[in-house]
Amino acid sequence: MPNAVPKSAPQPAPNSLAKVPPPDLFQCSRYFVYRGRVLQCDSNLNRDGENLRPILQDTPAAIAELDTYQSNRRNLQKAAYTGTLGLAVVIGSSLITTLFSDVDTDSGKRLNSYLRVGGGLLTIGSGIYGLAVLRTNERHLENAVHLHNQAQPDNPIQLKFTAEF
């Protein structure tokens, strides 16, 4: 077979055709240092500090702080649902008053304003609650690490949180 073409290895795609993942514009990395290794603080699903649990398991007070931290994170989700409900009441107040009373009457106007004010206060209140819990909840995670470091000074944990934009 004198005319046989030698087989060559497939060539990789040029760099311009390769898929490039989009950049993560806002990144908040949560790591901790334990025994000289840098490890991720959170599980793959949530910002929950769950990867600290195996290290903290010998310190019950630290586990209690971690559980409080995770419980507060779940409460934030409920606050978000409550705020969304309040916003829906504000937006739907005109429709609701049209269905249940004549909007042109004085009682319809009062019902409309009550729903708007109530829904707005519910939204604002749940927003303030959520921000306050977010701001103070990180202390529970810090307290868990501090309690572990006090109980086991030979195996300290150091938190490394960075926020980049």
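Ile-91 is exposed, with a relative accessible area of 65%; here exposed means over 50% relative accessible area, buried under 20%, and partly exposed in between, computed with a 1.4 Å probe on protein chains only. The residue Ile-91 lies in helix 2. Its C-alpha atom is 9.6 Å from that of Gly-120, a residue 29 places away along the chain. The model is predicted, so local features need pLDDT of at least 70 and side-chain atom pairs count only at pLDDT 80 or more, while totals for chains, interfaces and linings use all residues. Residues are numbered from 1 along each chain as its sequence is written, and side-chain values use heavy atoms, with hydrogens and water left out.

The chain contains three helices and three strands, where helices (H or I, at least four residues) and strands (E, at least two) are DSSP runs numbered from the N terminus. Their order along the sequence is β-β-α-α-α-β. Of the 165 residues in the chain, 25% are buried. Contact is defined as heavy atoms within 4.5 Å. Among contacts between residues at least 6 apart in sequence, 57% join residues at least 24 apart.

Tyr-69 is also placed in helix 2. Tyr-69 is buried, at a relative accessible area of 0%. Beyond residues up to four places away in sequence, Tyr-69 touches Arg-30, Arg-47, Asp-48, Gly-49, Asn-137, Glu-138, His-140 and Leu-141. The C-alpha atoms of Tyr-69 and Glu-142 are 9.8 Å apart, although 73 residues separate the two along the chain.

Two residues of helix 3 were examined, His-148 and Asn-149. His-148 is buried, with 0% relative accessible area. Apart from neighbours within four places in sequence, His-148 is in contact with Tyr-34, Ile-55, Leu-56, Thr-59, Ala-62, Asn-155 and Ile-157. Asn-149 has 21% relative accessibility and therefore counts as partly exposed. The side chain of Asn-149 reaches the backbone nitrogen of Ile-157 at 2.7 Å. The C-alpha atom of Asn-149 is 9.5 Å from that of Leu-56, 93 residues away along the chain.

The largest nonpolar core has 14 residues, and those with the most contacts inside it are Phe-32, Leu-52, Leu-56, Leu-141 and Ile-157. Such a core is a set of buried Ala, Val, Leu, Ile, Met, Phe, Trp, Tyr and Cys residues joined through side-chain atoms within 4.5 Å. Strand 1 (27-34), helix 1 (53-56), helix 2 and helix 3 (106-151) each supply at least two residues of this core. Helix 2 gives the most, with four residues. Leaving aside neighbours within four places in sequence, Phe-32 has contacts that include Leu-52, Ile-55, Ile-157 and Leu-159.

The largest pocket has a volume of about 260 Å³. A pocket is an open set of points on a 1 Å grid over the protein atoms alone, where a 1.4 Å probe fits, with protein on both sides within 12 Å along at least five of seven lines; lining residues have an atom within 4 Å of a point. The lining consists of Asn-46, Arg-47, Asp-48, Gln-70, Arg-73, Arg-74, Leu-76, Gln-77 and Leu-134. Its largest share, five residues, comes from helix 2 (residues 60-100). By class, the lining has two nonpolar, three polar and four charged residues.

How values were computed:
Grid points are joined across faces, edges and corners, and a volume is the space filled by probe spheres set on the points. Ala, Val, Leu, Ile, Met, Phe, Trp, Tyr, Cys and Pro count as nonpolar, Asp, Glu, Lys and Arg as charged, and the others, Gly among them, as polar. A polar contact is a pair of N or O atoms within 3.5 Å; within protein, one must be able to donate a hydrogen and the other to accept it, and residues adjacent in sequence count only if both atoms are side-chain atoms.
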